[in-house]
Structures are given as structure tokens and as C-alpha cells.
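Welcome, and thanks for opening the viewer.

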Amino acid sequence: MAEKKIMLSGIQPSGNLHLGNYLGAIKGWVERTDEYDNFYFMADLHTLTVRQDPEDFRRRALEQLALYIACGLDPEKNTLFYQSHVPAHAQLGWVLDCYTMFGELSRMTQFKDKSKKNADNINAGLFTYPALMAADILLYQAHYVPVGEDQRQHVELTRDIANRFNGVYGQTFRVPEAYIPKEGARIYGLSTPEDKMSKSIPDGCIFLMDEPDVILKKFKKAVTDADTEKWIRFDPQNKPGVSNMMNILSALTGKSFEQIEQEFEGMGYGKFKPACAEVVIETLRPIREEATRIMKDEEYLRSVYRKGAERASVIAEATLKDVYDKVGLTYK
Ligand code: TYM
């Protein structure tokens with residue numbers, strides 16, 4: 001039997017997981033579990049680029065693991081682990097820092113955005129972060145990196161770094177491809193349809209652990225559009241709020257925009273918003289309930305992440321050894 005191709009991705013436990021993370025990333029991971037050899041991790045080292053409350057950070061990371069499983073990632077079929085539990089990430093990260101150019105890192109839009117938001121803490125980690133992300137990916141010789149649109153630039157840089165290294169030392173890293181979903185690749189905030197949904201704007205952000213009444217409230221308050229037309233039509237330019245909700249609905253139900261337009265023909269926003277909320281509530285209900293149940297069993301979660309780190313380490317160490325040999329470091 002041919003070996004399965006490798007899929008790898010991670011999410012920072014920088015806040016509670018939200019619908020953007022689910023539609024941009026996790027949903028696709030779950031759907032392709034059987035097709036690939038899968039590595040999914042909590043990108044906790046990346047989260048240190050912003051100051052964290054230690055206890056809250058630890059809880060979020062563990063809850064993230066519980067949510068991965070509750071969303072349908074079976075730990076028997078997916079290697080689930082903490083980035084910080086596999087030291088090869090930090091080790092290769094340093095080596096790749098030395099093969100990544102200042103100019104390249106300066107061009108990263110996420111760095112520019114985050115520097116604006118954290119003007120009092122523009123630390124070196126925030127700047128070199130994409131080289132660590134490249135290490136995360138290249139250690140596992142990943143074929144595909146399933147992420148939302150906002151991570152495309154980082155995967156492109158990873159490809160450049162891999163090609164540069166391979167060019168100097170011969171074939172060392174597989175050059176990966178970003179795997180970006182057709183629907184759900186960029187979900188916008190419900191209260192700010194011009195910005196991507198993110199935990200930093202909680203009013204318009206649906207968290208996977210939100211209770212049904214909270215979800216309904218957020219949808220009812222969702223910003224619709226200033227145009228005089230009050231019906232449901234997909235038009236991101238003139239109707240960004242409605243189009244974003246249609247995108248969410250389409251990603252969750254598989255219905256096309258035309259089907260959604262037909263379904264809501266003649267109805268106004270007053271009917272549309274609660275209908276969207278309902279679909280989101282019913283999608284998230286079993287996930288929330290399952291995550292709450294799993295969170296009570298810390299022993300189980302520990303066994304999952306320990307086994308995950310063990311398996312991940314074997315593969316990561318093999319790549320690290322190859323890199324050490326090639327650059328002239330002595331592998332232990
Ligand atoms: P992060 O933690 O910001 O986001 C995790 C995943 O969720 C997707 N995403 C979204 N998709 C659609 N709409 C949104 N509003 C939205 N918000 C977030 C992101 O595209 C991402 O797929 N650097 C990465 C984490 C990382 C990583 C890696 C990913 C570290 N190492 C290696 C892949 C491979 C990040 O900060 O994602």
C-alpha cells in the first residue's frame with residue numbers, strides 16, 4: 001500500500017478556539033483524517049510572543065486539545081501534541097533563523113499587524129516567528145499545511161526557506177503546499193465584517209465553547225449592511241456583513257450561495273440572523289458537550305499528548321539529525 005501523504009498544522013492557544021479556527025482549519029482536518037498521516041499540535045511556543053497569564057495559558061492549551069478531539073480528531077488516527085514537548089521545533093527553529101533574511105521577515109503582514117497591536121512589546125520572537133513556523137512544518141516533511149487564508153504568506157516563506165536550504169545542502173526538506181479551504185478560509189467578525197474573526201474582538205467572535213444563548217445574541221447583534229436593500233444576497237463588496245454570514249452558513253451546511261439566496265427569498269435580516277445562529281448552535285452543541293466531558297479526564301488528555309509527543313519526536317529527530325549533519329553541528 002502506498003504511504004499516506006503528510007498533513008500538518010497547528011493553532012496557537014492564545015485565546016479560546018473560535019468559529020474562524022474551526023472553519024478555516026479544524027473542520028478540514030477532520031474531514032481528511034483517513035486520507036493522510038496527520039500531525040496537529042498546540043503551537044504554544046508561538047503563543048509566548050504575547051504575554052500570558054501562566055495558569056490561564058495552561059488551561060487554554062489543554063482545552064484546545066480537548067476541543068481537537070471533540071471536533072472529531074481521533075487521537076488514534078492523528079498525532080496530537082504540544083509543540084513545546086518536542087524540543088526539535090526550537091532547535092530547528094534556531095537553525096532556520098540563520099537561513100531566513102531580515103527583509104523577508106520584515107515583509108510579513110502578520111508581523112506588521114501584531115506590532116501595531118502590541119506596540120509596547122515588539123519582541124524578537126514576534127519577528128522571527130515565521131522561521132519557527134517553518135521548522136514546525138519542515139521537521140515532519142509535510143506535503144500539505146491546511147490553514148486559513150491569513151497563514152498563506154507564512155507557508156510561502158516556509159517554501160522559500162526550504163528551497164534555499166535544499167539549494168545549499170541538497171535535498172533535506174520536502175517543500176510543502178498550503179491547503180486552503182474554498183469556503184471558510186476567511187471568516188470575518190460579526191461585529192466588524194471588515195476584520196477577520198478573532199478573539200481580540202470578542203463581541204463578534206463565536207467561541208466554540210459559547211452557550212446557545214450567547215451565540216444567538218451575537219448573531220442578533222451582527223452588523224448588517226448600510227445599503228437600503230434588506231434582502232439576502234451574496235455581495236462581499238456592498239453587503240460584507242450578510243455575505244460573511246452566508247459564507248458561514250455555506251461552509252457549515254454545504255449549500256451554495258444561490259441555494260441560500262433562494263431559501264431566504266423575500267425574508268429580511270430579522271429571519272436570516274437567527275436562522276444562521278441556529279445552524280451554528282447545532283453544530284457547536286455536541287462539540288461543546290464532548291469537550292466539557294473530556295476536560296474532566298485530565299489523565300486521558302495527558303496520555304494523548306504524551307503519546308503524541310513520543311511519535312512526533314521520532315520523525316522530528318530524524319530530520320533534525322540530517323540538518324545537524326549537513327550544517328556541521330554534532331548530533332548528540
Ligand atoms: P492561528 O493560531 O492564528 O490560527 C489557527 C488557524 O485558524 C485559521 N484562522 C482563520 N480561518 C478563517 N477565518 C478566520 N477568521 C481565522 N482566524 C484564524 C488560521 O488561518 C490558522 O489555520 N502561525 C499559526 C499557527 C502555526 C502553524 C504552524 C500553522 C504555528 N506553526 C505550522 C500551520 C503550520 C497561527 O498563528 O495560526
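Is P202 buried, exposed or partly exposed? Select P202 and colour by accessibility: the residue is partly exposed, with a relative accessible area of 43%. Here buried means under 20% relative accessible area, exposed means over 50%, and partly exposed is in between, using a 1.4 Å probe and protein chains only.

Before moving on, a word on what you are looking at. This is a predicted model, in which local features need pLDDT of at least 70, side-chain atom pairs count only at pLDDT 80 or more, and totals for chains, interfaces and linings use all residues. Residues are numbered from 1 along each chain as its sequence is written, and side-chain values use heavy atoms, with hydrogens and water left out.

**Stop 1: around P202**

Stay on P202, which sits in the loop between β5 and α9. Helices (H or I, at least four residues) and strands (E, at least two) are DSSP runs, numbered from the N terminus. Now show the contacts, meaning heavy atoms within 4.5 Å. Not counting residues up to four places away in sequence, P202 touches F207 and K218.

**Stop 2: H18**

Next, select H18, in the loop between β1 (6-11) and α1. At 8% relative accessibility, H18 counts as buried. Leaving aside neighbours within four places in sequence, H18 is in contact with M197, S198, K199, C205, I206, F207 and L208.

**Stop 3: the whole chain**

Zoom out and switch to cartoon. The chain has 13 helices and five strands. Its C-alpha trace spans about 70 × 45 × 45 Å along the principal axes. For 332 residues, a compact globule would have a radius of gyration near 20 Å, and the chain agrees with that at 21 Å. The radius is taken over C-alpha atoms, and the globule rule is 2.2 Å times the number of residues to the power 0.38. Buried residues make up 51% of the 332 residues. Of the contacts with a separation of 6 or more, 75% come from residues 24 or more positions apart.

**Stop 4: two crossing helices**

Select residues 54-70 (helix α3) and 298-327 (helix α13). How far apart are their axes, and at what angle do the helices pack? The axes are 11 Å apart and the angle is about 85 degrees, which makes α3 roughly perpendicular to α13. Axes are lines fitted to C-alpha atoms, for helices over the stretch in contact, and angles run from 0 to 180 degrees between N-to-C directions. Angles of 65 to 115 degrees count as roughly perpendicular, under 35 as roughly parallel, over 145 as roughly antiparallel, and the rest as oblique.

Show side chains here: L62, L65, A66 and I69 in α3 meet E298, Y300, L301, V304 and Y305 in α13. By class, this contact has eight nonpolar, no polar and one charged residues. Ala, Val, Leu, Ile, Met, Phe, Trp, Tyr, Cys and Pro count as nonpolar, Asp, Glu, Lys and Arg as charged, and the others, Gly among them, as polar.

**Stop 5: L73**

Step along to L73, in the loop between α3 and β3 (78-82). L73 is buried, with a relative accessible area of 0%. Not counting residues up to four places away in sequence, L73 touches W29, V30, T33, Y40, Y68, N78 and L80.

**Stop 6: salt bridges**

A salt bridge is a side-chain nitrogen of Lys or Arg within 4 Å of a carboxyl oxygen of Asp or Glu. A search of the whole structure finds 22.

- K27 and E31: their side chains meet at 3.0 Å, N to O. Both lie in helix α1 (residues 19-31), four residues apart, about one turn of the helix. E31 is exposed, at 52% relative accessibility.
- K196 and D150: the N to O distance is 2.5 Å. K196 lies in the loop between β5 (177-179) and α9 (212-220) and D150 in the loop between β4 (144-146) and α8 (152-169), so the pair ties together parts 46 residues apart in sequence.
- E317 and K332: this bridge is 3.7 Å, N to O. It links E317 in helix α13 with K332 in the segment after α13, 15 residues apart. E317 is buried at 18% relative accessibility, whereas K332 is exposed at 80%.
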